[in-house]
Amino acid sequence: MFFSNSTIIVRINNLDSKNNLKNFSFFESNGEENLSRKFYSISFYNENNDVGEIHYTNSYEYGNMNVINFIRKSNLFFLFTSSVQHAKFFKKIINKMFNKSVSFDILKIPLTTETVKLPYISNFTVIQSDSVFGIVGTLMFESNDYLIKIYSNGLVTFPFTNNKELIKEIINISLEFLKKNGQI
């Protein structure tokens, strides 16, 4: 399992991703009949295509290869990155893979200044919330408290870990907030 401390949730809206996902890579064309060295790919670790990684770089030979791990639940992809802008590389790869424009959403928890409705979620205690920043709380997992931040831009942060069960619990807490706020 990979190490991580943050995730964003990206939903694919108009594509049956369950049956069509596969390992895929490409170099981006520069418009002059030869390839630039911008490289993009998606790879899956298992036959269920529910865990994998995205790669991208602006210079395949000499540049930094960016790697973003992910976990997929149906049409939701949990991209393990601290940058919401990384979703654009995921979108580019999926659009190219299926050779069509696919609709995506970065899922966010809608909080308003008038009423911050925070549903009860077991094992999670809200410490602070506001409509700009988001939610700060503690997750009780295996007799330990973990500080979780759910930002209003869609970013979820947590302590640096490679504990798969803890990551699954953080995913479940995020999904509960999204369900109770009508996002999924």
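**Figure 1. Tyrosine 60 is partly exposed, at 38% relative accessibility.** The model shown here is predicted. Tyrosine 60 sits in the loop between β4 and β5 (66-73).

**Figure 2. The whole protein has three helices and 11 strands.** Along the sequence, these elements follow the pattern β-α-β-β-β-β-β-α-β-β-β-β-β-α. The protein has 184 residues. Of these, 45% are buried. Three salt bridges turn up in a search of the whole structure. The views below take them one by one.

**Figure 3. Aspartate 105 and arginine 11 form a salt bridge through their side chains.** The N to O distance is 3.0 Å. Aspartate 105 belongs to strand β7 (residues 104-106) and arginine 11 to strand β1 (residues 4-12), so the bridge ties together parts that lie 94 residues apart in sequence. The two partners differ in cover. Aspartate 105 is partly exposed, with a relative accessible area of 29%. Arginine 11 counts as buried, at 17% relative accessibility. The cut-off for buried is under 20%, so arginine 11 falls within it.

**Figure 4. Glutamate 28 and lysine 38 meet in a salt bridge.** Their side chains are 3.9 Å apart, N to O. This pair links distant parts of the chain. Glutamate 28 is in strand β2 (residues 24-29), and lysine 38 is in strand β3 (residues 35-44). The sequence separation is 10 residues. Lysine 38 is partly exposed, with a relative accessible area of 32%.

**Figure 5. Lysine 92 also meets glutamate 28 in a salt bridge.** Here the N to O distance is 2.5 Å. Lysine 92 lies in helix α2 (residues 87-98), while glutamate 28 is in strand β2. The pair is 64 residues apart and links distant parts of the chain. Lysine 92 is partly exposed, at a relative accessible area of 31%. Through shared partners, salt bridges join Glu28, Lys38 and Lys92 into one network.

**Figure 6. Lys73, Lys164, Lys168 and Lys179 gather in a positive patch on the surface.** Helix α3 (residues 164-180) gives the largest share of this patch, with three residues. Lysine 164 is placed in that helix, α3. Lysine 164 is partly exposed, and its relative accessible area is 37%.

**Figure 7. The largest nonpolar core holds 27 residues.** Phe80, Phe124, Leu139, Ile148 and Phe177 touch the most other members of this core. Several elements each supply at least two of its residues: β6 (76-80), β9 (134-141), β10 (144-151), β11 (155-161) and α3. Helix α3 provides the largest share, eight residues. Helix α3 also gives the largest share of the positive surface patch.

**Figure 8. Asparagine 49 has a positive phi, although it is not a glycine.** The angle is about 55°. Asparagine 49 is in the loop between β3 and β4 (51-57). This residue counts as buried, at 13% relative accessibility.

**Figure 9. Glutamate 142 has a positive phi too, near 50°.** Glutamate 142 is a residue other than glycine. Its place is in the loop between β9 and β10. Glutamate 142 counts as exposed, at 56% relative accessibility. Asparagine 49, by contrast, is buried.

**Figure 10. Tyrosine 45 and asparagine 23 are 9.4 Å apart in space, C-alpha to C-alpha.** In sequence, 22 residues separate them. Tyrosine 45 is in the loop between β3 and β4. The loop between β3 and β4 also holds asparagine 49. Tyrosine 45 counts as partly exposed, at 45% relative accessibility.

Methods: Residues are numbered from 1 along each chain as its sequence is written. This is a predicted model: local features need pLDDT of at least 70, side-chain atom pairs count only at pLDDT 80 or more; totals for chains, interfaces and linings use all residues. Side-chain values use heavy atoms; hydrogens and water are left out. Patches are made of residues with over 30% relative accessible area and no salt bridge: like charges are joined within 9 Å, nonpolar side chains (Val, Leu, Ile, Met, Phe, Trp, Tyr) within 5 Å. Accessible areas come from the Shrake-Rupley method with a 1.4 Å probe; for residues, only the protein chains shown count as cover. A salt bridge is a side-chain nitrogen of Lys or Arg within 4 Å of a carboxyl oxygen of Asp or Glu. Lys and Arg count as positive and Asp and Glu as negative; His and the chain ends are not counted. The place of a charge is taken as NZ of Lys, CZ of Arg, CG of Asp or CD of Glu. Helices (H or I, at least four residues) and strands (E, at least two) are DSSP runs, numbered from the N terminus. Buried means under 20% relative accessible area, exposed over 50%, partly exposed in between (1.4 Å probe, protein chains only). A nonpolar core is a set of buried Ala, Val, Leu, Ile, Met, Phe, Trp, Tyr and Cys residues joined through side-chain atoms within 4.5 Å.
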